[in-house]
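Hi,

As promised, here is the structure we talked about. Have a look at it first, and then read on for my notes.

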Amino acid sequence: EHAVPYRLTVLGTGYLGATHAACMAELGFEVLGLDVDQSKIERLQRGELPIHEPGLEELLRRNLDSGRLRFTTSYEEVAKFGDVHFICVGTPQKKGEQAADVSFLDAVVESLAPHLDRECLVVGKSTVPVGTAERLADKLVRLSPAGMQVELAWNPEFLREGFAVQDTLRPDRIVLGVTSERAEKVLRDVYAPLGEIPIVVTDFPTAELVKTAANAFLATKISFINAMAELCEAAGGDVTQLSQALSYDERIGGRYLNPGLGFGGGCLPKDIRAFTARADELGASQALAFLREVDQINLRRRARTVDLTRDILGGAFDGRRVAVLGAAFKPNSDDIRDSPALDVALKIAEQGGQVTVYDPVALSNARAAHPHLGYAESAMEAAHEAEVVLLLTEWQEFVTLDPEELGAVVAARTIVDGRNALDADTWREAGWDYRALGRP
Ligand code: UGA
């Protein structure tokens with residue numbers, strides 16, 4: 001048993017915050033989570049998770065029951081309780097701009113600081129434009145009654161949705177942007193229960209940049225293979241075999257090299273745009289010019305999927321039935337933010353197609369955001385009388401669909417595999433016209 005010397009708070013209980021709070025309590029810390037959304041706090045306090053995340057609700061309930069985890073809306077209470085305060089609020093893309101909106105971070109600092117009257121550490125975990133930490137550090141000291149006894153550190157988070165718990169409890173690395181040995185020691189203590197994890201101790205700008213660089217690299221890798229898919233389409237190659245062959249080169253590696261409809265979600269697309277916007281501000285535009293291409297390649301996959309579907313239907317959508325399997329931006333998530341699948345569904349509907357969408361978990365989110373689209377309660381129902389079926393999010397339940405069963409309900413056996421997730425031969429043998437991105 002290790003000593004648990006600090007009491008932790010988590011400010012913002014969205015994806016990142018809810019996960020961080022539950023995982024830190026699981027490690028043995030007393031944790032107080034805060035959100036300004038009263039109804040969210042009431043749900044969390046009852047043990048209900050507002051998001052779909054495998055394994056997290058269990059952790060939440062267990063630690064609520066043990067009394068180690070609680071939630072509040074009061075900054076006063078948080079300031080009194082905590083020795084280490086983690087800021088976990090979102091930094092969404094600004095409306096009509098490429099840059100990230102950091103106003104939630106400023107709001108947290110402005111609400112918390114006036115109550116900080118003793119020594120404590122405030123730790124930013126949100127993904128931010130480089131330079132934000134230094135600005136917030138000044139603000140924090142200026143607004144806190146305890147002044148210099150209140151310190152800021154930057155500790156970016158690399159968790160993936162769908163794997164949030166395991167990524168938090170077994171991270172690949174921990175990055176600590178600190179300006180004092182004390183801050184470093186506190187954070188090393190906090191993460192000690194995780195065991196042997198590589199720790200990189202650095203300054204604020206590097207810590208902020210590591211996070212955006214990681215997401216930019218992953219986005220680039222995905223767009224690279226999707227650019228190769230475009231070439232395969234032009235030259236008659238098979239990008240899945242190309243990807244497989246590349247993956248055996250250990251310097252390249254096979255992860256994030258799956259060609260298809262491309263990346264979406266609340267992070268990768270937004271982060272590469274915010275990164276280029278920040279580079280522009282810093283006078284370093286040229287360094288990240290390639291990320292605009294990465295974004296364009298990614299968006300072209302969606303357009304290509306719409307075009308391919310229209311071609312299959314003979315050049316026009318007017319009223320033709322299209323089944324869309326998948327609404328979440330990736331499997332094992334109910335997140336529909338910048339979802340490639342929904343984007344394609346919406347574009348086809350806009351052009352006059354009669355679209356029916358099904359997703360095992362993200363259906364209610366999709367319905368709430370886009371009530372005018374058609375929805376079904378199962379893959380079979382969505383495919384009923386469809387002239388073309390689009391597989392756009394590779395949920396396990398879609399990958400294991402029986403081509404014969406599905407073939408019995410459709411009007412025409414044509415499938416577009418937007419994620420290169422199905423076995424082409426199996427579907428062709430069952431009489432399907434099997435189409436995929438980047439393959440003959
Ligand atoms: C991403 C990063 O992977 C995390 O490390 C990071 O912490 C997180 O953003 C964040 O900044 O908060 P996430 O948004 O959960 O995590 O999604 P990923 O699992 O990385 O998938 C992103 C998208 O890329 C999905 O739409 C997925 O379908 C797509 N993808 C992924 C591909 O198209 N091909 C691949 O080979 C891999």
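If you want to find Arg 118 on screen, look in the loop between α5 (103-112) and β5 (120-124). Arg 118 is exposed, with 12 other C-beta atoms within 10 Å. Although Arg 118 and Ala 146 are 28 residues apart along the chain, their C-alpha atoms are separated by 5.3 Å.

Please keep in mind that this is a predicted model. With that said, here is what I found.

The overall picture

The protein contains 18 helices and 14 strands. Its radius of gyration is 24 Å, close to the 22 Å that the globule rule gives for 440 residues, so the protein is as compact as a globular protein of that length. The C-alpha trace spans about 70 × 50 × 40 Å along the principal axes. Of the 440 residues, 47% count as buried. Among contacts with a separation of 6 or more, 71% come from residues 24 or more positions apart.

The chain is divided into domain 1 (7-202) and domain 2 (217-436). Their C-alpha centres lie 33 Å apart, and the contact takes 13 residues from domain 1 and 14 residues from domain 2.

In soluble globular proteins, nonpolar side chains tend to be buried together. Here the largest nonpolar core has 120 residues, and those with the most contacts inside it are Leu 11, Val 324, Leu 325, Val 389 and Leu 390. Helix α9 (residues 204-235) gives the most to this core, with nine residues. Both domain 1 (7-202) and domain 2 (217-436) give residues to the core, so it lies between them.

Strand β1

Two residues at the start of the chain are worth a click. Thr 9 lies in strand β1 (residues 7-11). Is Thr 9 buried or exposed? Thr 9 counts as buried, with 29 C-beta neighbours inside 10 Å. Leaving aside its neighbours within four places in sequence, Thr 9 is in contact with Leu 32, Leu 34, Val 78, Phe 81, Gly 82, His 85 and Phe 86. Thr 9 and Ala 153, which are 144 residues apart in sequence, are 14 Å apart in space, C-alpha to C-alpha.

Leu 11 is the other one. With neighbours within four places in sequence again left aside, the contacts of Leu 11 include Leu 34, Val 78, His 85 and Phe 86. Ile 87, Cys 88, Val 89, Val 108 and Leu 112 are also among the contacts of Leu 11.

The ligand and helix α9

There are 22 residues around the ligand, and Glu 161, Asn 258, Phe 263, Gly 265 and Cys 267 come nearest. Helices α9 and α11 (268-281) each supply at least two residues of the shell around the ligand. The largest share of that shell, three residues, comes from α9.

Asn 215 lies in helix α9. Asn 215 is buried, with 21 other C-beta atoms within 10 Å. Which residues is Asn 215 in contact with, leaving aside its neighbours within four places in sequence? The answer is Cys 267, Leu 268, Asp 271 and Ile 272.

The C-terminal part

UniProt lists residues 323-424, in an unreviewed entry, as "domain: UDP-glucose/GDP-mannose dehydrogenase C-terminal". Over residues 323-424 the chain is 34% helix and 18% strand, and the end C-alpha atoms are 19 Å apart.

For Asn 332, phi is near 65°. Asn 332 is found in the loop between β9 (321-325) and α13 (340-350), and is partly exposed, with 18 other C-beta atoms within 10 Å. For Glu 385, phi is about 60°. Glu 385 is found in the loop between α15 (379-383) and β12 (388-391), and counts as exposed, with 12 C-beta neighbours inside 10 Å.

Happy to talk any of this through when you have had a look.

Best wishes

Conventions
Residues numbered from 1 in each chain as written. Predicted model: local features only at pLDDT ≥ 70, side-chain atom pairs only at ≥ 80, totals over all residues. Helix = DSSP H or I, 4+ residues; strand = E, 2+ residues; numbered from the N terminus. Rg over C-alpha atoms; globule rule 2.2 N^0.38 Å. Buried ≥ 20, exposed ≤ 12 C-beta atoms within 10 Å, placed from the backbone. Contact = placed C-beta atoms within 7 Å. Core = buried A, V, L, I, M, F, W, Y, C linked by C-beta atoms within 7 Å. Domains from an automatic or database assignment. UniProt positions renumbered as here; feature names shortened; annotations may be inferred. Near = placed C-beta within 6 Å.
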